[in-house]
Amino acid sequence: MSGTKPKVITDRRGFMSALRGDVRGNTLAILAISLVPLAGLTGSAVDMGRLYVVKVRLQQACDAGALAGRKFMTDASTSTPLDSTATTQANKFFANNFTAGWMNTSAVTFTPAKTSDVQVSGTASATVPMTIMKMFGSASQTITVTCQARYDVADTDIMFVLDTTGSMACTTSGTCGSGTTSYTRPDGTTGYYAQEASGSKISGLRSAVLSFYDTMTAASSTSSHIRYGFVTYTSTVNVGYLLPSNYLVTSWNYQTRKVVGDTNDGNATVTSTTSTSQTTCNSRAGRTPSSGFGTDGRATVVTVSWVSSNGGKCTSTSQPVQPTWRYGQWPLDVSQFITGASVTDPSKITGATSKWQGCIEERDTTASSSFNVNSLPYDLDPDLVPTNDATKWRPMWQDVVYFRNGVTSGTVDYSGSSNSPNGDDPSGYGNYSNVGNSSWMSSGYVSCGKPATRLATMTRTDVSNYVNATDFKAQGGTYHDTGMIWGTRLISPTGIFASDTAAWAGHNPPNRYIVFMTDGDMAPNTSIYGMYGMEYYDRRVTGGAYSSDTDYHNARFLAECAAAKARNIKIFVVGFGQTLTNELTTCASPGSSYYANNNTALTAAFQSIAGKVAMLRVSQ
C-alpha cells in the first residue's frame, strides 16, 4: 500500500542467522588469525634444521679432535691427565672442523680428556641463535655432544719375510765390507757371512723392524693382540726345526759320491827275503789300515809271492793306494741327521762328522713357467699336509754334495790327485769340489740363514734379540720365491701352522699381513745349492732350460703371492735400494709397494706400513 513505512526487523536471532549465511570476506579473517601459528611452525622448522646441521658438524669435529688427541698422545700413563701435545693437536683438529662463528654460533667449546683406559674422550658445545623462534621467546639453544676415540689395532698377525743376502752387508750407495768371514753359529756349527760396511743395509733393516714394532705398540690397546713371525731368506730358508719330525724324509737322494775301489798312489816298493817259509811269507800280505783308508786318505796294500828256491824266497810288493770315487746321485740315510745329532759324513773317509743346521730342500714340484693358483704343485701349496716322501721336506746336507767335473747326469769316477787323495778338489766348479767346503760356503754358493720363527706374541726385547742375533747375517743369493713360499705357509689360516694364526678366544679372526723386503732382483744361479738342490744337476725348477732360470723362479714367486692373497693375506713389498720390478709390484696388494733409497727411508716405509696396519676408529 502507498504511504506505508518499511517494517524494521528487530528479531536478534534472525540477524545472526542472516550474518552466518553471508560468508563473503571470511577468508581474509581466517588468514589473519592463522598467521601467528604458521609463523611459529615455519620458524620452528628453519631453526630446528639449523640446530641439526650444527649438531652433526659439532659431532664430526668432536670425533676428529678426539682421534687426533689419541694419535698424538705422548704420555700413556693412567695416572696423568692428557699431555699437552695431545691436547694441542685435539684442539687444532676440532677447530679445523668447526670454525667459530659458523652458522652464527657462539660460545664454542671443546674439552679433550684422557680416559681410564688411556684413550681420549671429548665434550663439545656451541650456542646456536634462533631467528624466527626468537619472536616466540626462544633467543638461542646450546648443543652439547660427547665423543670417544681409540687409536686401536685389531687382532693382527704380521709375518716379516726379509732378504738377508750378501748385498745387504753393503750400503745403498754401494760401499761393501771387507769380504767374508766365518763365525760360530748358536748351534755350534760354522757359518759364513759378508762383513758389514758402516751404515749397511742390514743395520738399517734392524732399525726399521724395531721402529715398526714401536709404531704398532703405540697404536695398540690392552684389548688388542699382535703376533709376529720372521722368515729370513736367501737361496733357502731355515725352517727345518719348526717342522714335526714326521714331516721330514728319512732318506733322500743327494748329488754325492762313494768309494768304489782303490787307485795306485805312486810307485810300489818291492822287497825280497830268502830262507822264508811260505807261511811266514803269506803272513806279510795285507792292508794297512785293515779296511778302508787312513785319515790322510791313503792305504797300503801288500801282496806276496813265494818260491821254494833258496830255502824259500818271499817277494813282497807294497803298493800305496788312494780311493776311487764315483760321483753321482744316491740315497743317503738322514734319519739321525734330521734329529740334530752329529753323524758321520758318508762322503768322507777322514772320520768327519756333520750336523744339520736346519735349512731344507723343498718337496716335489713341477718345472713350469706358469702356475694355476687353484692347482699348485706340492712345494707351492701352503696348506698341503705331508703324507709321503713326495710331499715331505728334505734336509739340506751341503757336506755330502759334490760337483762332478761338468757331467750333468749319470756317474763319473775320479781318484783325486797326489795333493788331494780324498778327491776333495776345491779348485773350482769344473772339478770335484764339495759345495760345503769353506771356499764355496764363503762365496755364498751355499747359505743357511737365521732360523725362521712361527707366529707368536713377542716383546720388544724378543724382536730386538732376533734382528740383533749373532746369526742374523748377510750371505747368499737372492731367491724371492723361497721367502714367499715359507712366509705364506707360516701365516696361512688353513695350513699346517693354522693354529698359530687362529682367532683369539672371543675375538674375530686376526688381520693377516706379510711384510716382504728385498734389496735385489731375483738372481738364481744353477751352481747354487739351495732349496731345490743344485739346478745344474737336479733341474727341479727349470727342467733343463737354464737360460730361463730367472723367469721360472719369478713364476713361482708370483704364484705364491697369489696364493697368499687368495687366503686374504695382505702383502706389503718394500724395495730397499732396489727398483720395484714388475714382479715386486704385482706381488704387492694394491697400493702396498714401497721404495726406500736409504736406511732412513726404509724406517719411514716400515712406519708407514705399521700406520696402515693400525686401525684408527671412533669407538663411540
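Buried here means under 20% relative accessible area. Keep that in mind for these close-ups, which all come from a predicted model.

**View 1. Helix 10 and its buried residues.** Helix 10 runs over residues 549-566, so to speak an 18-residue stretch, and it reaches 26 Å from its first C-alpha to its last, close to the 26 Å expected at 1.5 Å a residue. Look for its buried residues, among them Tyr552, Phe557, Cys561 and Ala564. Just past the end of the helix, Asn568 has a positive phi of about 60 degrees.

**View 2. Who sits against helix 10.** The buried residues of helix 10 pack against helix 8 (480-491), helix 9 (535-538) and helix 11 (582-587). Two strands join in as well: strand 19 (511-518) and strand 22 (569-576).

**View 3. Helix 8 beside helix 10.** These two pack at an angle of about 20 degrees, with axes 8 Å apart. Angles under 35 degrees count as roughly parallel, so helix 8 is roughly parallel to helix 10. The crossing is left-handed. Sorted by class, the contact has five nonpolar, three polar and three charged residues.

**View 4. Helix 4 against helix 7.** Helix 4 (residues 201-218) and helix 7 (residues 460-467) have axes that come within 10 Å and cross at roughly 165 degrees. Since angles over 145 count as roughly antiparallel, helix 4 is roughly antiparallel to helix 7. This crossing is right-handed.

Note on methods:
Residues are numbered from 1 along each chain as its sequence is written. This is a predicted model: local features need pLDDT of at least 70, side-chain atom pairs count only at pLDDT 80 or more; totals for chains, interfaces and linings use all residues. Side-chain values use heavy atoms; hydrogens and water are left out. Helices (H or I, at least four residues) and strands (E, at least two) are DSSP runs, numbered from the N terminus. The expected span of a helix is 1.5 Å times one less than its number of residues. Buried means under 20% relative accessible area, exposed over 50%, partly exposed in between (1.4 Å probe, protein chains only). Contact means heavy atoms within 4.5 Å. Axes are lines fitted to C-alpha atoms, for helices over the stretch in contact, and angles run from 0 to 180 degrees between N-to-C directions. Angles under 35 degrees count as roughly parallel, over 145 as roughly antiparallel, 65 to 115 as roughly perpendicular and the rest as oblique. A crossing is left-handed if the near helix is turned anticlockwise from the far one by less than a right angle, and right-handed if clockwise. Ala, Val, Leu, Ile, Met, Phe, Trp, Tyr, Cys and Pro count as nonpolar, Asp, Glu, Lys and Arg as charged, and the others, Gly among them, as polar.
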